[in-house]
Amino acid sequence: MADWNPTSWTTKPIKQDVTYEDAEGVQTALTKLQQLPPLVTPQEIVNLKKSLRNVALGKAFVLQGGDCAELFDYCNQEMIEAKVKLLLQMSLILIWGANKPVVRIARIAGQFAKPRSSPMETINGVTMPSFRGDNINGYPADAISRRPDPSRLVSAYFHSAATLNYLRASLTSGLADLHSPLDWGLGHVASPSIKEKYERIVNRVTDSLRFMRTVGLDTARGIETVDIYTSHEGLLLEYEQSLTRLLRHPPNALPESDLTSPSTRKASIASTSGTPPPRGYYATSAHFLWIGDRTRQLTGAHVEFFRGLCNPIGIKIGPSMAPDELVALLDVVNPTKEIGKVTLISRYGAKKIADHLPAHIAAVQKSGHIPVWQCDPMHGNTQTTPSGVKTRHFSDILSELKQALAIHREAGSFLGGMHLELTGEAVTECVGGAGGLTEEGLSERYTTFCDPRLNEKQALELAFLVAGFYREEMEESNPI
Ligand code: PEP
Ligand code: CO
């Protein structure tokens, strides 16, 4: 890409930018980040890209989920395990339902920066910068905490690294071992019906594994562990640029001079199997980055930065996106029409999806692009209760997902996955679900610093319901 480099975004208009008073501090932080090792490798990134290609072709399903905004304090054993177990449990339910492999991407290990509708807010009569996420400023409501602090950029890297380290260590130590999915635990889920349904699926899985072991097919690696990829919104471009590395040569072909030259800033490469990563620039802060709904302007800085990356990328699309603009955007970020390179994360809201998704699908089909279509049923369904609490109704979330499935089927397309805000904790932030959480009950354990998340019970219930839609679909198309 001749006219692109990791800094070319700085010549374009930018939305949701952060203004730091301490310019020298920013330079110090970015220099440090440039010296630090990549958090993920090009090999892992291309492995995910390959899996997303399968999703785009309808051969796999992608489950993406995690907090709206991670805090540095979430970097602890309990919370990481709870989130990972929940994603594993949900993916097992979805594998059973959709009868397809599930690609897991967590909003974890870097989901710190948040776009805000207003840069300033007034709390108790004092006007101060809005909380923009732990890698920018602090949550406490005072002007000092809210001042953007560049040292938080480096802190974000180390919290991401610690989270990722524990995630990797847990997975390689057998946290995801399919031989014992009951050990994944059902944490806070007290509901007997969910417990029972889950145990029934697990029993089927263990029966199949027992059979495979009996006939000697249980030797392949893959049952002991799974891949969980990391993701976040690529909002803070200074941070992303500092962790973007040029891979000049395919693995195992690095000339010594390049290996030792500090100025080349090449990525280190894990010697894992798979298609070797091609030459190019890789954002190494996470495997998958997405552009938010507020920063996806065709000629803006974020689109400029993202178009040069080899990573698979996401783009949030909502009701304000025109169909021809969507195609123009795909042409910019994916001129070669690589299948599954782009994940379109649609977030219209249950009441608006029917007005927008069909035209978006039709325009993309006509263009020849084959993206992953993922439904985010969270961000178009946020409401404020009469007492001023931000929430989402389980029924709206389910309704948007159900409509997305039907609209895709009708259009001869397929819904490749879902994108959820969830937590392994027993929070009370979204209304509804089998537990019957009411608006009055929201204050009990409302701990989000940004958008309301599904709790463990609601997330599992949603996975069962979506799995059920797929089973119904299969039964309709294959009547006995
Ligand atoms: C988010 O995913 O937390 C978010 C801010 O989404 P969107 O860009 O779709 O509003
Ligand atoms: Co959010």
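The following legends describe close-up views of a predicted model.

**Figure 1. Overall composition of the protein.** The predicted model contains twelve helices and 14 strands. Of the 480 residues in the protein, 54% are buried. Among contacts with a separation of 6 or more, 77% are between residues 24 or more positions apart.

**Figure 2. The closed barrel of eight strands.** Parallel pairing links the strands of this barrel in the order β1-β2-β5-β8-β9-β10-β11-β14. On average, and with direction ignored, neighbouring strands of the sheet are turned by 25° against each other. Helix α2 (residues 42-56) lies across β1 (61-66), β2, β5, β8, β10 (342-346) and β11 (372-375). The direction of α2 is at about 125° to β2. Helix α10 (residues 353-367) also packs on the sheet, where it touches β9, β10 and β11. The angle between the directions of α10 and β11 is about 170°.

Figure 3. Strand β5 is mostly covered, with six of its six residues buried. Burial extends to both faces: I228, T230 and H232 lie on one side, and Y229, S231 and E233 on the other. Four bridges connect β5 to β2, and the two strands run parallel. Within this pairing, T230 of β5 is the bridge partner of A106. Three bridges join β5 (residues 228-233) to β8 (residues 288-291), again in parallel. Here S231 stands opposite F288, and E233 stands opposite W290.

Figure 4. Helix α3 (residues 77-98) has 22 residues. From its first C-alpha to its last it reaches 31 Å, close to the 32 Å expected at 1.5 Å a residue. The helix is largely enclosed by the rest of the structure, because 17 of its 22 residues are buried.

Figure 5. An unreviewed UniProt entry annotates R107, K316 and R347 as "binding site". R107 belongs to strand β2 (residues 102-107) and has a relative accessible area of 1%, so it is buried. Beyond its neighbours within four places in sequence, R107 is in contact with residues including G65, G66, D67, C68, S231, W290, H379 and E421. A polar atom of the R107 side chain lies 3.1 Å from the backbone oxygen of C68. K316 is placed in strand β9 (residues 313-317) and is likewise buried, with a relative accessible area of 5%. Residues up to four places away in sequence aside, K316 touches W290, I291, G292, D293, R296, I345, R347, D376, H379 and H419.

**Figure 6. Four annotated residues gathered at one spot.** The unreviewed UniProt entry also gives the annotation "binding site" to C68, H379, E421 and D451. These residues span 384 positions in sequence, yet no two of their C-alpha atoms are more than 9.9 Å apart, so they gather at one spot. C68 and D451 are both among the contacts of E421, and D451 is also touched by H379.

Figure 7. H379 is found in the loop between β11 and β12 (382-384). Its relative accessible area is 18%, and H379 is therefore buried, the cut-off being under 20%. Residues up to four places away in sequence not counted, H379 touches R107, K316, R347, R392, E421 and D451. The side chains of H379 and K316 are joined by a polar contact of 3.5 Å. A further polar contact, of 2.8 Å, links the side chain of H379 with that of E421. E421 lies in strand β14 (residues 417-421) and is buried, with a relative accessible area of 0%. Neighbours within four places in sequence aside, the contacts of E421 include G66, C68, R107, M378, R392 and P452.

Methods
Residues are numbered from 1 along each chain as its sequence is written. Chains are lettered from A and ligands numbered from 1 in the order in which they are written. This is a predicted model: local features need pLDDT of at least 70, side-chain atom pairs count only at pLDDT 80 or more; totals for chains, interfaces and linings use all residues. Side-chain values use heavy atoms; hydrogens and water are left out. UniProt positions are given in the numbering used here, feature names are shortened, and annotations may be inferred rather than shown by experiment. Buried means under 20% relative accessible area, exposed over 50%, partly exposed in between (1.4 Å probe, protein chains only). Contact means heavy atoms within 4.5 Å. A polar contact is a pair of N or O atoms within 3.5 Å; within protein, one must be able to donate a hydrogen and the other to accept it, and residues adjacent in sequence count only if both atoms are side-chain atoms. The expected span of a helix is 1.5 Å times one less than its number of residues. Two strands pair if DSSP finds at least two bridges between them. Axes are lines fitted to C-alpha atoms, for helices over the stretch in contact, and angles run from 0 to 180 degrees between N-to-C directions.
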